[in-house]
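Keep the structure open beside you as you read.

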Amino acid sequence: KLKEKHSFPNETTPHCSNNPPKVSITSPTNTLVPEEPKSIFETKQIFVTVSSFLDPKSLLTCHAVSKYWNQFFLSEAENTKHWLHLCVARFGSANVRQWKEMLEGKEEEDEDEEGSNDVTGEHNIMKHKSKKNEDEDDSNENDTTTTKSIIQLYSRMNEAFVKPHSHLYSLISHEGCIPLGHGAVNGIISAWVSIVERSNGETSRSVLLCEKYDGQQQQQSNNVKKNDDRNKKTPGQQKSSFYYKPLPIVEVRILIQKIGMVDGAIVIPDQAISVDASTRRRGVEMSEVESVDERFHKWIMKLNGTPSSKKKTTKRSGDGGDLSRLYLFDAIILTAHIHAKGCSTRSKFEQRAKFTKIIAKVNGKTVPLVVPFKRNKDERKI
C-alpha cells in the first residue's frame, strides 16, 4: 500500500532500487576484435628483410638453429638472391662466373665417371625410376638446390682465399703484376700483396731527392778563411738542393678487404709500408723511398681503378690521419714504392723479401696484419 501511495505513474523507479534499469547499447556492425600477435615466421617478409642485413657467418649460424630455420633459409627465393649478392659483393661477378662454371664442369665429369662404372643394366633401370620420382618433386626443391649450390660456391671460394676482381689489376696485366702472398686476421680482414714488374726486369729508377742544409754553413765550408763576423749563423736560414739519383725501387700494391662483421668500420691508419728482408745474422728492413717526386708517393685506389676520396700525396711517414675506412666487403688498393737496397733486379727482391705488415684498427684496437711471401710460385697464383 505504501508503494502505491508514493508511486508516480510518469516516473521510473530510483537507481538505488534492487532492480536497476537495463540499458541496451547497440554495438556497430564492424566490431574491431584484437587479433593474436603473429610469429615472425608467419610474416616471412620481415624475416627475409632482417636476414638480408646479415653476413655469411651469421646466416650459417641461423641455419643451425633448428630444422624450421634451415628449411626456411634454403627454400626462400629471396635468400638465394641474397647469397648470390654476397658472392658477387666479395669476389666480383667475373670470379663468381668463372668458379661456377668450373664447379659445374667438375660435377658433370663426376657424373660421367659414375655412369661409366655402372656395369649392370638393373642399376641403370633403378636409377632411371628414381629420377622420375625426383622429377615430380622438382617444383618444390628447385629453390633449395640453388641455395645450397650458391652456399657451396661461396664456401669453396672462401677456402681458396680468392682475391676480389680488380679492374686495376686487369689494366696492368701487360706490365706483369706478380703476386707475392696473402694473409688474413681471424676472418675479419684480408690482404694480397703484389709487385709490378718492369719490361727490362730491373729496379733502377731515377728519383728526385731533396737535401736541406744551412746556407751559412755552406758558405763557411767554401770560404774557410773569412772573418768571424761574416761567418755568424742566422737562425732559420736554410736552403734546399734538388737532385736526381738512381735508386732500386719496387712498386708494391696491397689489396686490403674487409671480409667479416665487426662493430663499425675497420680503419686503415696512415702508416709507413716496409718489407722485411732479415736474415739469420742481421735484421734488414726495406722502407718506403723518401722523395719529393709525386710519382713515388703513397696513394690509394678503388677496385674499379678510380682514385679513392682519401688519396695520399704526402711522404712515407704517416701524419696520424686515416687512409681509409672499410665496411663489409669494401676493398682498396694501397700502392707504395719500396727502396729495395741491394736488389738490382726483381728476382733478387723476391728472394730477399720475407713479409710485410699492415696496421688496422678493429673495434678500437690496433691489429697487425702480417702477409708472408710465398716461395713457391704455384702457391702465389690465387
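This is a predicted model: local features need pLDDT of at least 70, side-chain atom pairs count only at pLDDT 80 or more; totals for chains, interfaces and linings use all residues.

## A buried serine in a strand

You will find Ser 274 in strand E6, which covers residues 274-276.

The side chain of Ser 274 has a polar partner: it makes a polar contact with the side chain of Glu 285, at 2.6 Å. Setting aside neighbours within four places in sequence, Ser 274 is in contact with Glu 285, Met 286, Ser 287, Ile 338, Phe 355, Thr 356 and Lys 357.

## The largest nonpolar core

In general, nonpolar side chains tend to be buried together in soluble globular proteins. Here, the largest nonpolar core has 37 residues. Ile 189, Ile 254, Ile 256, Ile 266, Ile 268, Met 286 and Phe 349 are the members with the most contacts inside this core. Which strands each supply at least two of its residues? They are E1 (177-185), E2 (189-196), E4 (238-258), E5 (266-269), E9 (322-326), E10 (331-339), E11 (355-362) and E12 (365-372).

There is also a second, separate core of 21 residues, and its members include Phe 47, Ile 151, Tyr 154 and Met 157.

## A closer look at Phe 349

Phe 349 is found in helix H11, residues 346-352. Its relative accessibility is 1%, so Phe 349 counts as buried. Which residues does Phe 349 touch, not counting those up to four places away in sequence? The answer is Leu 180, Ile 195, Val 250, Val 275, Met 286, Ala 340 and Cys 343.

Rolling a probe the size of a water molecule over the atoms shows where empty space is left. The second largest pocket holds about 330 Å³ of space. Its lining has 18 residues, and those nearest the centre are Asp 55, Pro 56, Lys 57, Gly 187 and Ile 259. By type, the lining divides into eight nonpolar, seven polar and three charged residues.

Helix H3 (56-63), helix H5 (77-91) and helix H8 (138-159) are the elements that give two or more residues to this lining. H3 gives the most, with five residues.

## A threonine pair

Thr 80 sits in helix H5. With 12% relative accessibility, Thr 80 counts as buried. Its side chain makes a polar contact with the side chain of Thr 147, at 2.4 Å.

Phe 161 lies in the loop between H8 and helix H9 (167-171), and its relative accessible area of 15% makes it buried.

Asn 186 is not a glycine either, and has a positive phi of about 55°. You can find Asn 186 in the loop between E1 and E2. Is Asn 186 buried or exposed? Asn 186 has a relative accessible area of 73%, which means that it is exposed, the cut-off being over 50%.

Notes. Residues are numbered from 1 along each chain as its sequence is written. Side-chain values use heavy atoms; hydrogens and water are left out. A nonpolar core is a set of buried Ala, Val, Leu, Ile, Met, Phe, Trp, Tyr and Cys residues joined through side-chain atoms within 4.5 Å. Buried means under 20% relative accessible area, exposed over 50%, partly exposed in between (1.4 Å probe, protein chains only). Helices (H or I, at least four residues) and strands (E, at least two) are DSSP runs, numbered from the N terminus. Contact means heavy atoms within 4.5 Å. A polar contact is a pair of N or O atoms within 3.5 Å; within protein, one must be able to donate a hydrogen and the other to accept it, and residues adjacent in sequence count only if both atoms are side-chain atoms. On a 1 Å grid over the protein atoms alone, a cavity is a set of points where a 1.4 Å probe fits but cannot get out, and a pocket is an open set with protein on both sides within 12 Å along at least five of seven lines; lining residues have an atom within 4 Å of a point. Grid points are joined across faces, edges and corners, and a volume is the space filled by probe spheres set on the points. Ala, Val, Leu, Ile, Met, Phe, Trp, Tyr, Cys and Pro count as nonpolar, Asp, Glu, Lys and Arg as charged, and the others, Gly among them, as polar.
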